Amino acid sequence: MGVNESFEDLAQRAIHHAVAYRKERDTLPPRPTASVQELMSLFDVGVPEVGRDGVEVLDSLAAAAEPGLVGNISPNFFAWVMGASHPVGVAAEWMATAWGQNAAIYDTAPAAAVAEDVVSGWLLQLLDLPRGSSVGFSTGATMASFICLAAARSEVLRRFDFDLERQGIFAAPEIKAFLGDEAHTTIFSGLRYLGFGDNNVVRIETDQQGCMVPEALNAALAEFDGPKIVICQAGHINSGGFDPIAEIAPIAQAHNAWCHVDGAFGLWARAVPSLRHLCEGIDRADSWSVDGHKWLQIPYDSGFAIVKNKEAHRRTMDISASYLNLPPREAPSPSQFSPELSRRARGFAAWAVIQALGRSGIEEMISRHCNGARYLLEQLEVEAGLTVINDVVLNQLAIAFGEGEPLVERNRLTDAVITELARENTSYVTGAEWQGQKILRVSIISQRTDAVDIDRLGASIVRAWRKVRKT
Ligand SMILES: Cc1ncc(COP(=O)(O)O)c(C=O)c1O
């Protein structure tokens with residue numbers, strides 16, 4: 001046993017490290033500076049024969065981890081699509097951990113079950129989705145989509161008089177999933193976990209923004225008579241674009257298909273009046289996946305699987321056994337809507353962040369990020385030789401360098417700009433390949449990012465590009 005296991009001492013030490021890190025973060029380069037080898041040697045100190053003093057263990061952990069921490073809580077972070085762990089959420093998460101609740105069922109964690117139930121209702125209000133939908137708390141959008149698609153699989157088979165829960169997937173008629181060719185990679189993973197192979201997935205043509213073409217979907221659906229699932233995207237990973245769901249949902253309905261929306265970050269546009277047009281008709285879908293740890297800034301990990309047909313959701317996910325006491329009839333039961341039994345009490349941090357931001361705080365933050373994206377566009381548009389290749393409708397920019405040059409040269413220049421920005425390390429941005437070319441990606445989603453941070457980023461991009469162009 002360690003020498004010091006006083007919870008108070010340990011909690012204070014943890015707070016000391018956490019506060020020092022949060023204070024220092026904005027002055028640190030957003031990319032970690034340690035190499036893999038350095039991190040390996042910092043962490044791989046061997047299993048001690050005798051337990052160490054707890055406070056000393058926390059000090060060693062901070063010393064080992066800090067050189068390898070990515071600055072995604074900093075306002076200068078624009079890589080991938082990541083939230084910034086709201087401080088109130090972090091503090092609430094600590095309390096949840098200290099309380100040690102297992103959010104499996106009502107009996108194991110009554111307060112956690114009720115918090116999740118209440119937050120579920122708030123989410124339906126904020127996102128204006130059909131009230132009475134069920135919500136499963138998950139690790140993120142990947143698992144949220146998996147949950148929704150599992151419910152979809154069960155329900156579309158039922159429409160063909162097939163009882164999946166009794167007869168099992170191996171005897172089932174073939175189901176096909178129809179989705180935009182540029183659906184997020186995790187949707188394909190979710191489908192694989194559910195037994196879909198490439199032959200059961202129909203990739204529908206997309207437009208310049210990576211959004212599904214409804215006419216192509218309609219034609220593809222008409223060619224298949226079996227059970228069908230349509231999967232739309234609200235917020236493309238590079239363009240921020242939305243599949244035209246107002247057109248797609250009625251098409252899916254007309255073909256008796258379940259319609260799922262992957263809205264990992266984009267679904268939050270629905271909480272902002274000036275962006276709501278992007279999500280027109282989204283409430284006509286059957287299920288939605290959305291992250292808490294992206295735009296809502298809930299600390300990792302937090303995602304929500306929202307399903308209009310509560311019965312299909314419960315039938316698919318329900319975990320029960322006689323030793324898991326049935327909850328009182330009016331009590332919520334989290335294990336009916338998520339695939340895990342024992343798990344963290346995710347509802348507490350979600351409850352706290354929604355309380356801390358409020359409806360207007362959420363609206364202000366998302367608007368600020370989207371205004372920031374247009375502001376960055378204005379700064380970049382006037383610079384010769386670089387092109388923002390997406391329509392900036394949300395918070396994402398896709399930038400290519402070397403306009404007018406052959407593709408190979410454009411790709412070389414874009415790579416060189418990304419390398420130069422990484423070397424400068426004042427803002428964290430990353431690259432990708434999209435529409436057959438290399439791009440620099442910018443995602444404005446970190447809680448505190450404002451116009452000053454956008455100015456810094458815009459100046460860095462222009463500086464890097466001018467330097468690369470000269471070489
Ligand atoms: C559109 C979309 N779907 C799904 C995901 C996966 O989300 P998570 O990493 O929370 O599982 C992402 C992540 O960026 C995304 O942008």
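**A sheet, a ligand shell and a histidine**

The model is a predicted one, in which local features need pLDDT of at least 70 and side-chain atom pairs count only at pLDDT 80 or more, while totals for chains, interfaces and linings use all residues. Residues are numbered from 1 along each chain as its sequence is written, and side-chain values use heavy atoms, with hydrogens and water left out.

Strand β9 covers residues 396-401 and pairs with β8 in the antiparallel sense over three bridges; two strands count as paired if DSSP finds at least two bridges between them. Both belong to an open sheet of four strands in the order β8-β9-β11-β10, with antiparallel pairing. Because β8 (386-388) and β10 (430-434) stand at the edges with a single partner strand each, one side of each is left without a neighbour in the sheet. On average, and with direction ignored, neighbouring strands of this sheet are turned by 35° against each other. Helix α12 (residues 346-381) packs on the sheet, where it touches β8, β9 and β11 (437-443), and its direction makes about 20° with that of β9. Such angles run from 0 to 180 degrees between N-to-C directions, with axes fitted to C-alpha atoms, for helices over the stretch in contact, and contact means heavy atoms within 4.5 Å.

We turn next to the ligand. It is surrounded by 14 residues, the closest being T142, D262, D291, H293 and K294, and a residue is near a molecule if one of its heavy atoms lies within 4 Å of it. The shell divides into four nonpolar, seven polar and three charged residues. An oxygen atom of the ligand is 2.5 Å from an N or O atom in the side chain of T142, and a nitrogen atom of the ligand is 2.7 Å from an N or O atom in the side chain of D262. Taken alone the ligand exposes 390 Å², of which the protein buries 85%, by the Shrake-Rupley method with a 1.4 Å probe.

A last stop is H255, in the loop between α10 (245-254) and β5 (258-262). Leaving aside neighbours within four places in sequence, H255 is in contact with N218, L221, A222 and K228. The side chains of H255 and N218 are joined by a polar contact of 2.7 Å, a term for a pair of N or O atoms within 3.5 Å, of which, within protein, one must be able to donate a hydrogen and the other to accept it.

Key:
Ala, Val, Leu, Ile, Met, Phe, Trp, Tyr, Cys and Pro count as nonpolar, Asp, Glu, Lys and Arg as charged, and the others, Gly among them, as polar. Helices (H or I, at least four residues) and strands (E, at least two) are DSSP runs, numbered from the N terminus.
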